[in-house]
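Open the model in your viewer and keep the selection panel at hand. Each stop below says what to select and what is there.

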Amino acid sequence: MGKVRRLVLDVLKPLEPTIIELAEQLSVLPGVEAVNISIYEIDRRVENAKVTIEGSDLHYENIGRIIQENGGTVHSIDEVVAGKIIIDDSVTPQDPYQG
Amino acid sequence: MSPLLRLGSHVQWLREQGALANIGEIARRYFAMNAFDGVLTIIGVLMGHYSAQVRSSSIVLVTGLSTCVAIGISGLWGAYLTESAERKRDLTELESYTLTDLSQTKIGQASRTAVVIVALVDGLAPFLAALIVLLPFFFTALWEDIAISYYSSLGLALASLFLLGAFLGKVSRENLIISGVKMIGAGLVAILISYLLRITGV
């Protein structure tokens, strides 16, 4: 079974606990090496966060549990990288122009 | 895990819950408000007994302690019901945003912890404040003059009010002495009105 090395999640979470606390809790999970959380939308009581996690062996169940315990919901898994190394998606002519 | 480490993790847990549910600020408010209520109620009880020329410390103690218990239960019960209603409403509102059940999350736990802590503060603050004021009556046998108990109790009541005022002054970062004296004013007004009632013979 291959090992998941990067996960990008779209998460809706209450403003409290803050993303600092969430990042701290995710970063100490076994197999996690780095966590990046950025907010792209903010509401009166909740916010939408893009959660990027990288590591040697990520377990989605544990990550999902921590997010859930903190009141968050995973709306979608936007990217997943598994295998021996981390690779990004390849550029193809069909991709929208991003210049 | 050693007991010290376990205690440390409990404190850390409580701190997290406190920060999540804003327990500190609400508990502080309830503490000041209800300790004030407790002291003033006991001032009323004491002045009533003094005016009625009650010379038995056991009568003052029985009435005073019953009053303490009643204030304590009133605070505990009232705060538990109102706080849990408010917290439930708040959690339901948040759930309407996240569209998930938050009762088993840290937010839900913090909300339940807040209800218990706030209810305890709300019940214990007036109970203990009133009990402190009554303390001299436990020692009436030592000085064999109940008047001394009355005066020292009223003195203790005013001192408690001053400390409470100073505490509020510290919270609002104002002058502690001015804030304490303002609080004493309320106690003096209560004593004065009770005294006037005695003079007018009501």
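**Before you start**

This is a predicted model: local features need pLDDT of at least 70, side-chain atom pairs count only at pLDDT 80 or more, and totals for chains, interfaces and linings use all residues. Residues are numbered from 1 along each chain as its sequence is written, while chains are lettered from A and ligands numbered from 1 in the order in which they are written.

**Stop 1: the sheet of chain A**

Select the strands of chain A. Strands (E, at least two residues) and helices (H or I, at least four) are DSSP runs, numbered from the N terminus. Four strands form an open sheet in the order E2-E3-E1-E4, with antiparallel pairing. Two strands count as paired if DSSP finds at least two bridges between them. The edges are E2 (32–42) and E4, each pairing on one side only. On average, neighbouring strands are turned by 15 degrees against each other, direction ignored. Axes here are lines fitted to C-alpha atoms, for helices over the stretch in contact, and angles run from 0 to 180 degrees between N-to-C directions.

**Stop 2: strand E1**

Select residues 4–14 of chain A. Buried means 20 or more other C-beta atoms within 10 Å of the residue's own, exposed means 12 or fewer, and partly exposed lies in between; C-beta atoms are placed from the backbone.

- E4(A), residues 73–82, pairs with E1(A) in the antiparallel sense over eight bridges. A:Arg6 has A:Val81 as its bridge partner, and A:Leu7 stands opposite A:Val80.
- E3(A), residues 46–55, pairs with E1(A) in the antiparallel sense over nine bridges. Here A:Val8 is bridged to A:Thr52.

**Stop 3: the hairpin and the helix across the sheet**

Select E2(A) and E3(A). Nine bridges join these antiparallel strands, and a hairpin of three residues connects them. A:Ile39 finds its bridge partner in A:Ala49. Next, show residues 60–69 of chain A. This is helix H2(A), which lies across E1, E3 and E4 of chain A at about 20 degrees to E1(A).

**Stop 4: where the chains touch**

Show both chains. The contact takes 12 residues from chain A and nine from chain B. Residues are in contact if their C-beta atoms, placed from the backbone, lie within 7 Å. On the chain B side, H3 (57–98) and H4 (106–134) each supply at least two residues. H3(B) gives the most, with three residues.

**Stop 5: the core of chain B**

Select B:Val39, B:Ile42, B:Ile43, B:Val118 and B:Ala130. Of the 49 residues in the largest nonpolar core, these touch the most other members. Such a core is a set of buried Ala, Val, Leu, Ile, Met, Phe, Trp, Tyr and Cys residues joined through C-beta atoms within 7 Å. H4(B) gives the largest share, 15 residues. A second, separate core of 16 residues includes A:Val11, A:Leu22, A:Val35 and A:Ala49.

**Stop 6**

Finish on residues 176–200 of chain B. The buried residues of H7(B) are B:Gly180, B:Met183, B:Gly187 and B:Ala190. These pack against H2 (23–51) and H6 (146–171) of chain B.

Notes:
Two residues are in contact if their C-beta atoms, placed from the backbone, lie within 7 Å.
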